[in-house]
Amino acid sequence: MQHSTMNLTLKVWRQRNSKASGGFETYPVPGISTEMSFLEMFDVLNERLIAEGRDPIAFDHDCREGICGMCSMVINGRPHGPWKGTTVCQLHMREYKNGDTITVEPWRANAFPVVRDLMVDRSAFDRIIQAGGYISVNTGNAVDGNAIPIEKDHADSAFAAAACIGCGACVAACKNSSAMLFLSAKVSHLTLLPQGQPEKRQRVVEMIDQMDKEGFGSCTNTYACEAECPKEISVTNIARLNREFLSAALGSGD
Amino acid sequence: MLDAKIPSGPLENKWNDYKGHVRLVNPANKRKLEIIIVGTGLAGASAAASLGEMGYKVKAFCFQDSPRRAHSIAAQGGINAAKNYQNDGDSVFRLFYDTIKGGDYRAREGNVHRLAEVSTSIIDQCVAQGVPFAREYGGLLSNRSFGGTQVQRTFYAAGQTGQQLLIGAYQALERQVALGTVEMHTRHEMLEIVMIDGKARGIIARNLVTGELERHFGHAVLLCTGGYGNVFYLSTNAMGSNVTAAWKAHKKGAYFGNPCFTQIHPTCIPVSGDHQSKLTLMSESLRNDGRIWVPKKQGDTRKPYDIPEEERDYYLERRYPAFGNLVPRDVASRAAKERCDAGYGVGTSRQAVYLDYAYAIERYGKAEVNKHNLGHVDAATINRLGREVVKEKYGNLFDMYEKITGENPYEVPMRIYPAVHYTMGGLWVDYELMTNIPGLYALGEANFSDHGANRLGASALMQGLADGYFVVPYTIGNYLADEIRTNAISTDHPAFVEAEKHADDRIRTFMNIQGSQTVESFHKRLGKIIWDKCGMARNEQGLKQAIEEIRALKKEFWSDVRIPGNINEMNPELDKAGRVADFIELGELMCLDALERNESCGGHFREEYQTPDGEALRDDAHFMHVAAWEYKGDSSWTLHKEPLIYDVMKPSQRSYK
């Protein structure tokens with residue numbers, strides 16, 4: 001790949017802690033290589049801020065391979081930026097042109113309070129999992145892995161739903177701050193497997209109950225979540241969730 | 001005297017006999033016993049879930065914002081298990097044999113055999129949790145091959161096996177959190193081990209959001225904090241992966257085993273410039289189908305597809321016909337380095353080799369044509385069908401490559417180069433996974449125990465889960481059975497006060513330096529020293545030089561590092577400073593260990609010790625031991641040796657030819 005360097009301007013949300021009020025600050029970032037990742041541009045800027053005696057910008061990141069789900073930036077209004085099916089850490093600077101101005105904000109949702117600058121608190125997701133996002137099997141209880149054959153299609157669909165990285169982009173993308181894509185991916189993953197059947201009614205009801213308690217909004221089917229999901233989790237999972245919820249709520253006839 | 005506490009008796013009976021006779025703790029007593037677990041990757045999450053299920057009171061800690069983010073999540077290729085579902089001759093013994101041989105005869109027989117024994121239960125447990133492993137059309141589990149083996153025993157979930165296994169363990173952990181048996185502390189970092197009367201009794205942890213130091217008591221402490229690959233600065237590890245917890249334990253007296261045994265993974269995306277913050281792995285599973293080559297002509301600048309077949313050197317197939325592209329990682333890495341150093345490298349940096357999928361695409365395409373009875377079709381159709389198959393198997397990896405490099409790997413061969421990936425060394429532990437400090441355990445990559453001098457692919461996930469699900473739940477009872485009369489110790493105990501003060505003093509020292517260089521710049525310089533002189537090839541002169549350079553760097557760090565911000569708030573630079581300070585000290589010990597080990601074995605390649613054809617030359621007469629280092633104060637260590645005894649295996653020159 002041909003590479004070149006660019007001069008960019010960043011407008012970044014700065015906020016000292018969850019109680020302080022925040023605001024945008026503007027930083028020129030010269031000499032950015034097209035080969036860099038978006039987060040490496042932040043590394044460069046932070047090194048400069050420290051050298052100048054200023055506070056670096058706090059942002060969540062860890063694996064930088066698009067799988068841990070830690071990174072979380074809204075770039076020019078889009079969670080994880082412009083590339084389809086891509087986390088911020090995998091976004092590379094060849095997307096941008098010399099002279100571009102880029103606005104960077106944290107996830108915005110009542111259920112995800114800002115911790116500092118671009119970092120938010122996503123512990124609500126852990127609590128939704130605690131409400132039922134598992135199969136209750138203690139270590140040592142298992143039968144042979146091949147004892148229960150699982151149709152390949154079902155296994156593949158379960159895997160596609162389980163690919164969710166829990167980053168919260170779906171919530172950040174949704175005008176209602178709904179967590180339905182996240183929740184439905186987990187319900188689908190577990191309900192599509194025979195091992196997930198015994199607890200399926202209780203699971204869906206309790207997870208939805210917890211989601212409501214956390215202050216996430218309702219789903220109004222705009223599908224912004226699917227469009228921005230870095231793992232391209234499908235909204236068909238939400239349809240499955242609704243079916244499961246209905247059947248759990250309507251009756252335990254069988 | 002180091003006692004590994006390997007049970008007596010025949011190898012295949014050791015673990016069963018141990019389990020049959022180990023002491024137990026009754027359920028009522030379990031509820032009174034508290035266990036601290038630091039790190040919530042595969043080892044930590046599986047241990048926390050399992051011990052919580054058993055009824056112990058568990059407190060778990062991780063530095064990330066959720067236990068689901070631990071770096072185990074990034075493991076791509078798969079997990080080994082001796083299921084023999086493929087009927088291709090696999091068995092517990094074969095997995096044991098391959099692992100010992102792959103580790104170049106520097107691992108314990110007893111531990112590795114146990115690992116092979118419990119491997120099958122891991123798969124069962126994960127399936128029961130809902131881990132969506134890849135399946136065949138008949139609904140049964142699918143397998144693939146990995147390096148260093150001739151059977152198909154690797155279970156996988158596309159290129160996201162680590163993610164799926166970790167989510168399984170994470171969900172089991174969160175279930176225990178909901179049930180109240182596990183208390184989870186996220187965004188916390190362990191900064192001290194608290195010792196009372198010679199036993200590990202708790203930790204000091206820093207709340208990374210508020211900056212506050214906290215004291216936590218435990219009857220036992222489990223470190224499940226992963227490896228130390230980030231000592232190299234550039235590695236496939238996550239940005240936050242660090243050695244701090246293990247290093248604090250080491251400085252409190254826990255021996256560090258084989259620190260120089262690090263794994264350089266052969267297939268990573270090459271460095272693209274000075275801005276590089278980390279390296280990305282391309283799963284070893286790609287070597288199942290991809291072919292590795294360089295041009296036969298030095299400095300060949302033609303595009304890869306302009307180089308005709310007869311002018312390509314498939315150097316792994318040439319040198320190692322029996323295993324070909326699936327030789328173990330250390331062998332494949334050195335072979336790539338050898339070609340690049342000799343001037344055959346490709347790409348702008350010339351520090352890369354090709355991993356080519358053209359043949360696989362054609363082969364799979366033709367198979368599809370046969371399968372669906374398509375008769376005579378053109379090359380474009382074969383190519384399209386072949387790409388679809390490759391996409392299903394490795395799609396996420398190919399996409400990742402394209403995002404990072406801007407090149408389409410379905411069209412042009414990938415450029416790859418070795419990078420630091422895993423550390424076989426770690427805290428010394430006995431058969432029960434206990435360090436030499438009573439009550440302090442180390443699990444998963446944080447310990448040194450099962451992979452010898454080189455880990456085989458798909459074995460890290462296996463070991464992490466073996467330790468957490470199936471080993472420590474048995475072995476910890478043997479220690480805690482004596483602790484049932486120990487009431488919880490108040491965190492006002494002087495040992496807690498002193499440990500907290502120690503952590504606090506260190507933080508204040510950091511902040512008061514007010515120097516001129518960033519933490520990151522020190523980390524980069526450390527990484528370069530270690531990569532150049534204690535990386536894929538090492539020699540006496542280089543190692544001695546590296547030790548001098550690291551000592552000088554340490555001095556400079558402690559007098560000129562600049563840390564912005566304050567103590568009592570979120571301060572990622574301060575967190576990083578503590579980690580880098582520990583990496584600098586570890587770096588010195590790695591070089592010392594590499595210098596002391598006058599042989600080549602596995603990933604430890606001393607240039608002075610090689611066979612005429614450039615393979616690692618072991619010296620079993622003098623080095624068939626675990627090097628366990630005891631910390632004796634600033635830049636000072638004592639070496640203890642645990643002899644390795646092979647009752648079943650016959651150590652020989654490893655050959656993959």
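The following legends describe close-up views of a predicted model with chains A and B.

**View 1. Chain A as a whole, with its helices, strands and extent.** Chain A is built with 8 helices and 7 strands, and its C-alpha trace extends over about 65 × 45 × 35 Å along the principal axes. Of its 254 residues, 52% count as buried. When contacts in chain A between residues at least 6 apart in sequence are considered, 72% of them join residues at least 24 apart.

**View 2. The two domains of chain A and the contact between them.** Chain A is divided into domain 1, covering 5–105, and domain 2, covering 123–250. The centres of domain 1 of chain A and domain 2 of chain A, taken over C-alpha atoms, are separated by 30 Å. To their contact, domain 1 of chain A contributes 12 residues and domain 2 of chain A contributes 11 residues. On the side of domain 1 of chain A that touches domain 2 of chain A, the residues divide by class into 4 nonpolar, 7 polar and 1 charged.

**View 3. The surroundings of G22(A).** G22(A) is placed in the loop between β1 (5–14) and β2 (23–33) of chain A. Once residues up to four places away in sequence are set aside, G22(A) touches W13(A), R14(A), Q15(A) and V114(A). Because G22(A) has 15 C-beta neighbours inside 10 Å, this residue counts as partly exposed, a class that lies between buried, with 20 or more such neighbours, and exposed, with 12 or fewer. A reference distance for this view is that from G22(A) to M93(A), which are 71 residues apart in sequence and, C-alpha to C-alpha, 27 Å apart in space.

**View 4. The packing of α5(A) on α8(A).** Helix α5(A), residues 180–191, packs with helix α8 of chain A, residues 236–250, at an angle of about 70°, and their axes are 8 Å apart. Because this angle falls within the range of 65 to 115 degrees, α5(A) is roughly perpendicular to α8(A). From α5(A), the contact is made by M180(A), L181(A), L183(A), S184(A), A185(A), V187(A), S188(A) and T191(A), while α8(A) brings N237(A), I238(A), R240(A), L241(A) and E244(A). By class, this contact of α5(A) with α8(A) has 7 nonpolar, 4 polar and 2 charged residues.

**View 5. The packing of α5(A) on α6(A).** The axes of α5(A) and helix α6 of chain A, residues 200–214, come within 11 Å and cross at roughly 170°. As angles over 145 degrees count as roughly antiparallel, α5(A) is roughly antiparallel to α6(A). In α5(A), L183(A), V187(A), L190(A) and T191(A) meet K200(A), R203(A), V204(A), M207(A), I208(A) and M211(A) of α6(A). The contact of α5(A) with α6(A) has, by class, 7 nonpolar, 1 polar and 2 charged residues.

**View 6. The contact of chain A with chain B.** In this contact, 66 residues come from chain A and 67 residues from chain B. On the side of chain A that touches chain B, at least two residues are supplied by each of α1 (38–51), β6 (114–116), α2 (123–130), α3 (152–162) and α5 (180–191) of chain A. It is α1(A) that gives the most to this side, with 7 residues. By class, the side of chain A that touches chain B has 29 nonpolar, 21 polar and 16 charged residues.

**View 7. The two domains of chain B and the contact between them.** Chain B is divided into domain 1, covering 265–420, and domain 2, covering 494–617, and the C-alpha centres of these domains of chain B lie 34 Å apart. Their contact takes 6 residues from domain 1 of chain B and 5 residues from domain 2 of chain B. Helix α9 of chain B, residues 329–341, gives the most to the side of domain 1 of chain B that touches domain 2 of chain B, with 5 residues. The residues of that side divide into 1 nonpolar, 1 polar and 4 charged.

**View 8. The largest nonpolar core and L427(B).** The largest nonpolar core holds 284 residues, of which L222(B), L223(B), L427(B) and Y441(B) touch the most other members. Helix α16 of chain B, residues 572–596, gives the most to this core, with 12 residues. Leaving aside neighbours within four places in sequence, L427(B) is in contact with residues including L223(B), A246(B), A249(B), H250(B), F256(B), T435(B), A442(B) and F448(B). In soluble globular proteins, nonpolar side chains tend to be buried together.

Key
Residues numbered from 1 in each chain as written. Chains lettered and ligands numbered in written order. Predicted model: local features only at pLDDT ≥ 70, side-chain atom pairs only at ≥ 80, totals over all residues. Contact = placed C-beta atoms within 7 Å. Helix = DSSP H or I, 4+ residues; strand = E, 2+ residues; numbered from the N terminus. Nonpolar A, V, L, I, M, F, W, Y, C, P; charged D, E, K, R; others polar. Axes fitted to C-alpha atoms, helices over the stretch in contact; angles between N-to-C directions. Parallel < 35°, antiparallel > 145°, perpendicular 65-115°, else oblique. Domains from an automatic or database assignment. Core = buried A, V, L, I, M, F, W, Y, C linked by C-beta atoms within 7 Å.
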